[in-house]
Amino acid sequence: MDSRFGSAPAALINIASRALSRVNDRRLRPLGLTFAQMPVLAALSKADALPQKELARLARIEQPSMAQLLARMDRDGLIRRTAAEHDRRVSLISLTETGLAKLTQVHSALFETNDQALRGFSAEEIDLLVDLLRRLVANLEENPADSASDAAATGPASTEDRAPDPCSVRDVDRG
């Protein structure tokens, strides 16, 4: 393996992403949640009810994975499914009272991870990091030739179309 790989930005971002997932999973486990469920909770916290297809697009999760995730969340009493009035074949997904009640605890746990990850960073460094990561994501999402099937499965890459990142300090209100 090339010795530059370990210091390549993509490799370090991947390592950081996996570490964040592990830490968040540990923090969310006592709540009966996983970090994989956070995009679903974030999207549903901003809407009354969403069709599964729209939820998958917003959370940027492929349909088969979304179906498995929702089955577990339904089993755990976090979500409810109701038939859409316009088309009884369409299930609308919404948070239950149990799911809503866990959101405050979820925010707290994710902020602990954010604070841990950013310990020792100045406000300016955090702003720069956020800006650089947004540019990196935009660069990776702008080339449809490399991921045409991904784009078709997950929908547009526009930041306005995405559910808020559940670990973003800017997207989650601390109060």
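## Exercises on a predicted model

Ala67 is found in helix H4. The model that contains this residue is predicted. The exercises start from this residue and then widen to the rest of the protein.

### Exercise 1: Ala67

Task: Decide whether Ala67 is buried, partly exposed or exposed, and find which residues Ala67 touches beyond four places away in sequence.

Solution. 
- Step 1. The relative accessible area of Ala67 is 34%. Buried requires under 20% and exposed requires over 50%, so Ala67 is partly exposed.
- Step 2. With residues up to four places away in sequence left out, Ala67 touches Gln52 and Arg81.
- Step 3. Gln52 is 15 residues from Ala67 along the chain, and their C-alpha atoms are separated by 8.1 Å.

### Exercise 2: The overall plan

Task: State how many helices and strands the protein has, and give their pattern along the sequence.

Solution. 
- Step 1. The secondary structure comprises seven helices and three strands.
- Step 2. In sequence order the pattern reads α-α-β-α-α-β-β-α-α-α.
- Step 3. The protein has 175 residues, and 29% of them are buried.
- Step 4. Consider the contacts between residues at least 6 apart in sequence: 58% of these join residues at least 24 apart.

### Exercise 3: The sheet

Task: Work out the strand order of the sheet and identify its edge strands.

Solution. 
- Step 1. Strand E1 (residues 50-51) pairs with strand E3 (residues 91-95) in the antiparallel sense, over two bridges. Pro51 stands opposite Leu92 in E3, and Leu50 has Ile93 in E3 as its bridge partner.
- Step 2. Strand E2 (residues 79-83) also pairs with E3 in the antiparallel sense, over five bridges. Here Arg80 stands opposite Ser94 in E3.
- Step 3. The order is E1-E3-E2, in an open sheet of three strands with antiparallel pairing. E1 and E2 are the edge strands, each pairing on one side only.

### Exercise 4: Ser94

Task: Decide whether Ser94 is buried or exposed, and list its contacts beyond four places away in sequence.

Solution. 
- Step 1. Ser94 lies in strand E3.
- Step 2. Its relative accessibility is 8%. The limit for buried is under 20%, so Ser94 counts as buried.
- Step 3. Not counting residues up to four places away in sequence, Ser94 touches Leu44, Asp48, Ala49, Leu78, Ile79 and Arg80.

### Exercise 5: The nonpolar core

Task: For the largest nonpolar core, find which residues touch the most other members and which element gives the most to this core.

Solution. 
- Step 1. The core has 27 residues, and those touching the most other members are Leu28, Val40 and Leu55.
- Step 2. At least two core residues come from each of H2, helix H3 (52-59), H4, E3 and helix H5 (97-117). H2 gives the most, with five residues.
- Step 3. Take Leu55 as a case. With residues up to four places away in sequence set aside, Leu55 touches Val40, Ala43, Leu44, Leu50, Met66, Leu70 and Ile93.

### Exercise 6: Helices H1 and H5

Task: Describe how helix H1 (residues 9-28) packs with H5, and sort the residues in their contact by class.

Solution. 
- Step 1. The two helices pack at an angle of about 145°, and their axes are 10 Å apart. The crossing of H1 with H5 is right-handed.
- Step 2. H1 contributes Leu20, Val23, Asn24, Arg27 and Leu28, which meet Val106, Ala109, Leu110, Glu112, Thr113, Gln116 and Ala117 in H5.
- Step 3. Sorted by class, the contact has seven nonpolar, three polar and two charged residues.

### Exercise 7: Arg60

Solution. 
- Step 1. Arg60 has 26% relative accessibility, so it counts as partly exposed.

Terms used
Residues are numbered from 1 along each chain as its sequence is written. This is a predicted model: local features need pLDDT of at least 70, side-chain atom pairs count only at pLDDT 80 or more; totals for chains, interfaces and linings use all residues. Side-chain values use heavy atoms; hydrogens and water are left out. Two strands pair if DSSP finds at least two bridges between them. Helices (H or I, at least four residues) and strands (E, at least two) are DSSP runs, numbered from the N terminus. A nonpolar core is a set of buried Ala, Val, Leu, Ile, Met, Phe, Trp, Tyr and Cys residues joined through side-chain atoms within 4.5 Å. Buried means under 20% relative accessible area, exposed over 50%, partly exposed in between (1.4 Å probe, protein chains only). Contact means heavy atoms within 4.5 Å. Axes are lines fitted to C-alpha atoms, for helices over the stretch in contact, and angles run from 0 to 180 degrees between N-to-C directions. A crossing is left-handed if the near helix is turned anticlockwise from the far one by less than a right angle, and right-handed if clockwise. Ala, Val, Leu, Ile, Met, Phe, Trp, Tyr, Cys and Pro count as nonpolar, Asp, Glu, Lys and Arg as charged, and the others, Gly among them, as polar.
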